[in-house]
Amino acid sequence: MADSNPFNPEDWMEAQRKYWSAWMDMSRKAMGGSDGTANWGDGLDQWWKTVSSGMPLSGNDAMDQMMKVGRNYFSMAENLYRGAEGNNAAEAVNKWLDQMSNAFQGFTNMPGASRDANAFWQMPLDTWRRATSSFMPMPGDYMQALRPPARAPYGDAVQEQLDRFLSVPGVGYTRESQEQYQNLAKLMVNYQQAMQNYQAAFNKVGMDSIDRFRARLDDAGRQDKPITSMRALYDEWVDVCEEVYGEFVMSDEYARIYGEMVNSLMAVKRQGTRLMDEVTESLNMPTRREVNTLHRRLQESRRELQALKAAVRKLTDQVNDQAAPAKVEAPVESKAEGKDSASASRAATGTRSRATATKRQTATTTKAKQSD
Amino acid sequence: MIPIQIRPDQVMDELTTFQNKLTQGLQNLADAGDIPSGVTPKEAVYKEDKLTLYRFQAPASVVQHPVPVLIVYALVNRPYMTDLQDDRSTVKGLLEAGMDVYLIDWGYPDRADRFLTMDDYLNGYVDRCVDEICRRHNLDKINLLGICQGGTFSLCYSAMHPEKVQNLITMVTPVDFHTPGNILSHWVKHVDIDTLVDTMGNIPGELLNWTFLNLKPYQLMGQKYLDMVEVLQDKDKLDNFLRMEKWIFDSPDQAGETYRQFIKDFYQQNKLMNGDLHIGEYEVNLANVTMPVLNIFAEQDHLVPPDASKALAGKVGTKDYTELSFPGGHIGIYVSGKAQKTVPPAIGKWVKERG
């Protein structure tokens, strides 16, 4: 049956090499007539889709991230290649930086390749969405539709209507419930605003990076140290981005917008938990609040148990110590004394700390009971 | 001079090379399988809840120092970083330097552990591990080696229980959380920690990952993966890369109450430096750290700036205080080739000199 396995690694590798070779040839030939709608990053994506379906690599996080970064790299190369047809790579880079600059300012829609490079700058926010989506019931980009570009055709009217709708007073039997859901919606809007502020700050920092990069290139020209490879150019870009980012994240502004983003997200989640508790309670199921109380009491009981076990151990040691001298024989006296000394010391220490622990435990338990 | 001198055909050649490396290396990646870590043989000698206390097996040819050393690792990330692979193992280096090595593995806290406090961790778990080792070796006190947050824990423990610590070694340990350039303390300035913990219960590892990756996002989420293409064809290098990658993203959730106190008292209010730090019933005063102290820090540490560690010098009560500066970063201090040759032997020598 071994012969029935259709997957032959060597054939597969050869196929991939041919695929890529053909793609690169095609790119070379087609480059002059490209309309800018398809880009090299898409080519890499397409290749990866083909590859990952034939190998057990799909879902490999490191590989996925490598392909994502590779896409940025290819897009950067494409910009350079297209612009460098006039044999002036510096001009090509300037053109690429202009496109990104316009995009950061929201003036234009970016061509695909520049959009990829811009995505590079959005990595912190992108990973934030992914990280938070793992502990939120909604996907990380669930509020994309509320972002300014999506609402742009309607101006501020959408926001105004939303605010008015969320401020309609509740009446009747379900008044409290309605207010709770309105509150949740308001908190979600607040969180969206905090994320927008975070993104806006990053756009500004993106602009600063572009300016810093241009200055860095000017320096390279003045110092007669030109950049001579794609990879060196990419590394220089990363270096500049880290430098500008590093300065920004140490600013008071960053600490404030980051704090607002985290705090507003927590406000959403807390309100969501509160609503969920009401639902589960109505279904006669345990609520988060009740489970927390159980966990807290359990932990308190465990502390008490540990303190009691320590006290029993100490008493046992004391009893054993009192019985021990009769059994000690003269030739091993000094060794036995050492052991006894160690035990006694431990017991004494134990007495001190366990007594304190017991006292502490009693105080904690009393406090917790009051708060319950 | 034109600052960029790259011809179009050069661009295509670089991409072709890149793609060839990618294609040729994919098979290695597909074959990589599970990458083992935590390589030195060890025995579980004590268990409590999710905690396991391990004792590492020493080489038969090396005479062990009679006073064991207990490694207290951070709660964030996993302690197998200290024993990552055969040629990158602080544990192995310590064993070869004649140390009898124990290590606390905290495990992965879940929501039932949300109410574990720093008091539970230090005056509970750590204290019972120390007692267990003392019992096994018939000793009153042992050596402590704290790493990163585990170093801060070890300092606090030593201040609360100086009678149980013979020598204290701290590695890349934050002491002053408000030195200039401390990104993490700057970031949490305006975060409402009470609301965060009250809402989340435990703090998800994903959130911590985000924080650490965003210290240098363009290198750690971008450039690093282009570098990965360069190692795809070398199986050993690829395994090293994947092993490190696994460790970076292997982040346990943090018990909520411990996180609350650690961030508020240490990062926000810097109480270890300023005084007024209380853990359970104890007041934590660094002046009570009267045993010999070896403080090891990394010169290029982006997570714990050297000044944050060196602040310990003026705070501890001991007259036997030594600093060891390592020319590397926060992670390199455990895993770089240079670290293997210098750090564990230096620790062994320092401990032996003090009996």
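**Interfaces between chains B and A and within chain A**

Student: How many residues does each chain give to the contact between chain B and chain A?

Tutor: Contact here means heavy atoms within 4.5 Å. The model is predicted: local features need pLDDT of at least 70 and side-chain atom pairs pLDDT 80 or more, whereas totals for chains, interfaces and linings use all residues. Residues are numbered from 1 along each chain as its sequence is written, chains are lettered from A in the order in which they are written, and side-chain values use heavy atoms, without hydrogens and water. The contact takes 99 residues from chain A and 83 residues from chain B.

Student: What area is buried between chain B and chain A?

Tutor: Buried area is the accessible area (1.4 Å probe) that two parts lose on being put together, summed over both. Carbon and sulfur atoms give 66% of it, and the total is about 8,300 Å².

Student: Which three residues supply more than any others of the area that chain B buries against chain A?

Tutor: Their share is 10% of the area buried by chain B.

Student: Which residue of chain B forms a salt bridge with A:Asp252?

Tutor: A salt bridge is a side-chain nitrogen of Lys or Arg within 4 Å of a carboxyl oxygen of Asp or Glu. The rule finds 4 salt bridges across this interface. In the pair with A:Asp252, the closest N and O atoms are 4.0 Å apart, and the partner is B:Lys189.

Student: Which domains of chain A are assigned?

Tutor: The bounds come from an automatic or database domain assignment. They divide chain A into domain 1 (64-121), domain 2 (138-285) and domain 3 (286-318 + 347-372).

Student: What area do domain 1 and domain 2 of chain A bury between them?

Tutor: In this contact, 16 residues of domain 1 of chain A meet 18 residues of domain 2 of chain A. A:Tyr73, A:Phe104 and A:Trp121 supply 40% of the area that domain 1 buries against domain 2, more than any other three residues. Carbon and sulfur atoms carry 79% of the buried area, which is about 1,700 Å².

Student: What is the N to O distance in the salt bridge of A:Arg214 and A:Asp98?

Tutor: The count between domain 1 and domain 2 of chain A is 1 salt bridge. The side chains of A:Arg214 and A:Asp98 meet in a salt bridge with an N to O distance of 2.7 Å.
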